Amino acid sequence: MAQEAHGAIYDLLAVRGVSRRDFMKYCGYVAAMLGLTEAAAPQIAAAVEKGAKLKPALWLNGGSCSGCTESIAQVDSPDVATIVLELLSLNYFETIMAAAGEYAEKNVDDTIEAGNYLLIYEGAVMMGEDGNTLLINGHKGKDILEKAAAGAQAILAVGACAVDGGWVYAHPNPAGGIGVQSFLDSVKVATPVVNLPCCPTSPEWVVAMVVQWLLVAEDDPATFLDKTALLAKNYRDNYRDADVTLLYPEYIVGSTIHDNCPRRGHFENGEFVTEFGSPEEAMGYCLYKVGCKGPQTYTQCPITRWNRSVSWCVQSGAPCIGCGGLNWVDNNAPFFKRLSSMRMGNTLGNVQPGSVGAVVGGVAAAALVAHGLGMKAAGRIGDGPPMEDMKVHDRKRMKKGGDK
Amino acid sequence: MARSVIDPVTRIEGHLRVEVEVQDNKVVDAWVSGTLYRGMETVMLDRSPEDAFYVTQRICGVCPISHSHASAQATEDALGIEIPEGGRLVRNLLEAAQFLHSHILWFYHLAALDYVNPINALSADIADTYALAQAAGTRPADFGAVAARLAAFAENGQLSIFTGHYWDHPGYVLPPELDLIATAHYLEALEVQAVANEIVAIIAGKFSHPMTSVPGGTAFVPTVDKLDDILYRFVRVKEFIDTALIPDTLAIAPFILDATTYGGGTGNFLSWGVFEAADRDPVNRFLPRGFGRGLSLEDVSPDDVTEYVEHSWYESGTGLNPKDGETKVKFTEYNTEDKYSYGKAVRCKEESTESGPLARMVVAYLHEKGGKDLTGGAAGVRTPAALIDSTLEALDVAGKPEVLVSLLGRVAARNLEAAYVADLALVWVNELVEAMKGTDLSFWKAAEKNTGDGVGAWEAPRGSVAHWIGIKGGKIDHYQVVAPTTWDIAPRDASGTPGPMEQALIGAPIADAEKPLEALRIAHSFDP
């Protein structure tokens, strides 16, 4: 059985000062991330142990700020987590690899030729100026992605820019940044893509999905999607004028930030921060009145938290800006205002309802409305955060008759 | 005559191409090209000023805090806000944590592999390694375990991130024992940079992309407990700087002394100044504002900036100050005789000007030699001039600060700056603890108007950053950024004068044009 498994992996762990106990604990943590029970930990350990050779992987940067690379450098329990990452042979990882220039390019070509690799893509796919907004040794960034994606067993699109173009997609940018799935649809590459949200993405989420791929890759990589608990979200890519379906790990996007927020109790009690830097801030009151997008943002940030779990945005005193949502800049800015108008473009991902209450389902919505109304009646919160005017971009485009 | 190209330049943030013309093993001409365009300035139009704070920091995932501070300052300048004292102290701590993270990551994880060969460390004698560490005054580690770890890694035959590099280049001259020490510290530094970023997370929610230094001050209200969490992390990071980063730099330097003879560049240095003093005067910042024309100090203002696009892929007006600047992208083709970069040719006082730690340390050094006190009144703070003078002495070039204007000088300046900032950070935490004992410390102030023009000129770990904003009726109607690396990777300007990295490359030796390691070292020395 897996518990008795021994071999290359345990020797490797031993010289790295990691006990088997720590490793199994870590596998239990990963199991939770994948939405499995801790009983799955031995299977995870076994899957990782099985590989005599490191599984090859490429980490490519498109139109990125390297923030997701920085994020992965902040991974929790590095003595253990990076071991699992080190079980990958990251043959190309622009920000930390030794090689440069044609030596670096050769690593990509060799890996593609050998096959059976995982592709991790950070940053937007740059389409502007006929794809010349990103050039690497004369090759368009999008062409490099197309080639690497076609030969990969699976792709992780890490961070908001790789998911849907992120801020680079925001109107009216001529740089033309779009998401990996949308781009691959356009060039008819069917390699499975799993999307990891937020700007930057969470290192723990990346590690969890890498392990998931290791779990299935040895047996049958074709079952990667079937064996992973996923949620689909649809949106319209206005740059391509096409509908796109994105797959996300269910555990990561299954509930709102508001649902799991440690400040939720203050929300229920009608205790709000109304001014930054105030005593209410120090007391950890709810940030809804200063524009928090937690109620409409579906990520597990409050659970995973950031930087080895020391804190996260809302804990530090800032309202959530919804960077885990689709087209987050156009949809969520102005960040300190409540959203009033629906953005143009008939896309599920872009829907921003007239009141926060309408976006959350069931009991949570009822609670929001009840509290909002109740507290308004009591004169305690007024109307909540100020409503934004209609977005300037939307008004301009309405005058023009829409995007086209 | 041969053209040698490094594209992609790896171990940097972003996408960069370096092309050099080599004659008789020497670079005779150079072209540096930024090969990515993302259009941030265009995205900002018609949005709210706080949106600029949150979005423009996404220009860089390695120095987002500095961008966010420059953006917030631009808005504060435009709307006439002076942030409260609590906001100033918190922002300085946040900026310091990012500086320390960035400098440690740069030296060990981005630059070191140009000098340190981890594969060569396999042949190190463990006892000799301990002896060398002791002699060099650098931090011991379990060198035997690290060697065993490396051996297991190498035996597997899959070198992962170390695959396919110039490892057989004659420029790798360190003894295997020093390679082993540096590799052990490479691994430990992975942990230490993460500790520095935990400070960022406590104050600003996460790294990268901080959340709290909003226009008007900060949304982070410290408690004594949180300051405790911050203080012990700063202590840990400072200990690593003093016991590894600085002694490692001094241990490696004697093996690469030829790097004091090339890689100097333009000799013009800009610092907007960083780490705000109580009087809010940029000239009195802990790393002060100033322009070094060589080793002679001048005043400088954001009005001294001009941007040229003759060799850049834009069809915007040229020779403009960013307050009137525009960004109209237009790709043509890569042609070193014509247009070859998405970087604009930014100039200060019409000079091709370097920014970054070397520039800041030179400017601070000149201020100190002119009588300025940079200790902040605290005992035990090692100031830039003290650090530079003692390092020059250690390298047997006492009294010759001009040696700094070189590849090795640029490497050393960054690490010395880390020591100064770490000293200050401890002073500032205690200052904030004291300030919190009063009752009138506040952290944020609202704007009283919604129209105006402003500029925030600040420093990121890698160089000078400035954001220019125009706000009309609460909406942004003008936004321009001169990012830190824009200075150093600038292409030629209207007069054909090369940018700072280009000038630093020209004259450098190239032992093997197929493996231009020296060019890679120079590029990395700017932390582009």
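Predicted model: local features only at pLDDT ≥ 70, side-chain atom pairs only at ≥ 80, totals over all residues.

Me: Why is the pairing of B:Glu198 and A:Arg308 called a salt bridge?

Reply: The side chains of B:Glu198 and A:Arg308 meet at 2.7 Å, N to O. The rule asks for a side-chain nitrogen of Lys or Arg within 4 Å of a carboxyl oxygen of Asp or Glu, so the pair qualifies as a salt bridge. The count between chain B and chain A is three salt bridges.

Me: What makes the two chains count as being in contact, and how many residues take part?

Reply: Contact requires heavy atoms within 4.5 Å, and by that rule 87 residues come from chain B and 87 residues from chain A. Between them the chains bury about 7,200 Å², with 58% of that area on carbon and sulfur atoms. Across the interface there are also 36 residue pairs in polar contact, both residues being at pLDDT 80 or more.

Me: Which elements supply the side of chain B that touches chain A, and which of them gives the most?

Reply: Those giving two or more residues include β1 (2–6), α4 (85–111), α7 (176–204) and α8 (224–252) of chain B. The most comes from α7(B), with 10 residues. By class, this side of chain B has 44 nonpolar, 23 polar and 20 charged residues.

Me: What makes a space in this structure a cavity, and how many of 30 Å³ or more are there?

Reply: A cavity is a set of points where a 1.4 Å probe fits but cannot get out, and the structure holds 15 cavities of 30 Å³ or more.

Me: How do you know which residues line the largest cavity?

Reply: A lining residue must have an atom within 4 Å of a point, and 31 residues line the largest cavity, with B:Leu36, B:Arg38, B:Ile59, B:Ala483 and B:Thr486 nearest its centre. The largest share of this lining, three residues, comes from α12(B). The lining divides into 15 nonpolar, 10 polar and six charged residues.

Me: What residues lie closest to the centre of the second largest cavity?

Reply: Of the 17 residues lining the second largest cavity, A:Cys65, A:Cys68, A:Glu122, A:Cys161 and A:Cys199 are the closest to its centre. In chain A, α4 (67–72) and α9 (160–164) each supply at least two residues of this lining. Cys counts as nonpolar and Glu as charged, and the whole lining of the second largest cavity divides into nine nonpolar, five polar and three charged residues.

Notes:
Residues numbered from 1 in each chain as written. Chains lettered and ligands numbered in written order. Heavy atoms only, no water. Buried area = accessible area lost by both parts, 1.4 Å probe. Polar contact = N/O pair within 3.5 Å; in protein donor to acceptor, adjacent residues only side chain to side chain. Helix = DSSP H or I, 4+ residues; strand = E, 2+ residues; numbered from the N terminus. 1 Å grid on protein atoms, 1.4 Å probe; cavity = no way out; pocket = protein on both sides within 12 Å on 5 of 7 lines; lining within 4 Å. Points joined across faces, edges and corners; volume = space filled by probe spheres on them.
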